[in-house]
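The entries follow the order in which I looked things up.

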Amino acid sequence: MTKFNKTIILVLFSAYFVSCVSQSNEITQHETISSERNLISHTVLIPETTGCLNESGYFEFFQMESDQMNYPIEGRIYLPPCYDSSPDREYPVLYFLHGQSFSDDQWDRLGADEVLDAMVLSGKFEPFIIVMPKETNYLNNQWDSKYGISLAEELVPFIDERYQTQKNRDGRAIGGLSRGAAWAMRIGMIYWESFISIGCHSFAPFRGDYNEAPFWFKKIPVEDLPRIYIDMGVLDVNLEPANLFETRLTKYRIPHEWHVFLGTHNEYYWSSHVSDYLIWYSEGWK
């Protein structure tokens, strides 16, 4: 082989070697870039899961010793979704009273907790606490019974001390159905400094409260009159006495809502209006 041929072979081999090294570098760079891209994509796709994801509230049961009565007041309390994960948050409170011959589970059975869960999940309403106390001696008249006094003077501070509540009038409402509605009106008016809203559903006024009412009204400053909502079924047996009490409110110029719907005095009627009730209470806290 001549010297010239050797030179050509050496040049060709060098060119081939340089070409291989260059291709190897390009491949390595491409793989590095590709790996970096995959790493970045992988990092972006990792979901960040922080905060509470609960969509349902839950119940606790309470029992409170009473100086007013010779037995404890007991009942249940609904706490909103994520209540435990927000220890610094304070919630409005609705005291929701059951009807005569029923118990503290009535509003639970009527779906109040499920309806409120759905309202909060929709994002249109802020969560709130619902206290459902039990009236044991529901056959006593309003003067002999200490239930109303105990609820306003003992149960409210008891709940405020143990739960994350808004501890003022603007964050507190009272409502009920049938006999519970009578208690709600009486307690809400006498203890007007404690409740911003009074809800009376299938209102069955206590006998005698029609005559007491004007004395309640006169003690409340006009600017502090509570919100009042009364609803009845058109076939309700208590429609006439409720209407009589409503004319009392009108005569003394006490602002209120008066609704008469299709239906009668039963749980089907109340369950079909639970969402209306809770929306109305919630609007008082906006």
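Entry 1. I began with helix α3 (residues 112-121), which lies across β1, β2, β3 (93-97) and β4 (129-133). I found that α3 runs at about 25° to β2. Helices (H or I, at least four residues) and strands (E, at least two) are DSSP runs, numbered from the N terminus. Axes are lines fitted to C-alpha atoms, for helices over the stretch in contact, with angles from 0 to 180 degrees between N-to-C directions; contact means heavy atoms within 4.5 Å.

Entry 2. I noted the basis of the values: this is a predicted model, in which local features need pLDDT of at least 70 and side-chain atom pairs count only at pLDDT 80 or more, while totals for chains, interfaces and linings use all residues. Residues are numbered from 1 along each chain as its sequence is written, and side-chain values use heavy atoms, with hydrogens and water left out.

Entry 3. I traced the sheet next. Eight strands form an open sheet of mixed pairing, in the order β1-β2-β4-β3-β5-β6-β7-β8. β1 (58-64) and β8 (257-261) stand at the edges with a single partner strand each, so one side of each has no neighbour in the sheet. From one strand to the next the twist averages 20°. Two strands count as paired if DSSP finds at least two bridges between them.

Entry 4. Seven bridges pair β1 with strand β2 (residues 73-79) in the antiparallel sense, and Phe 62 has Gly 75 in β2 as its bridge partner.

Entry 5. I turned to strand β7 (residues 227-233). Strand β6 (residues 197-201) pairs with β7 in the parallel sense over five bridges, and His 201 stands opposite Asp 231 in β7. β7 and β8 also run parallel, joined by five bridges; Met 232 has Val 260 in β8 as its bridge partner.

Entry 6. I looked up the crossovers. Helix α7 (residues 239-251) makes a right-handed β-α-β unit with β7 and β8. Right-handed means that, with the strands pointing away from the viewer, the path from the first strand over the helix to the second runs clockwise.
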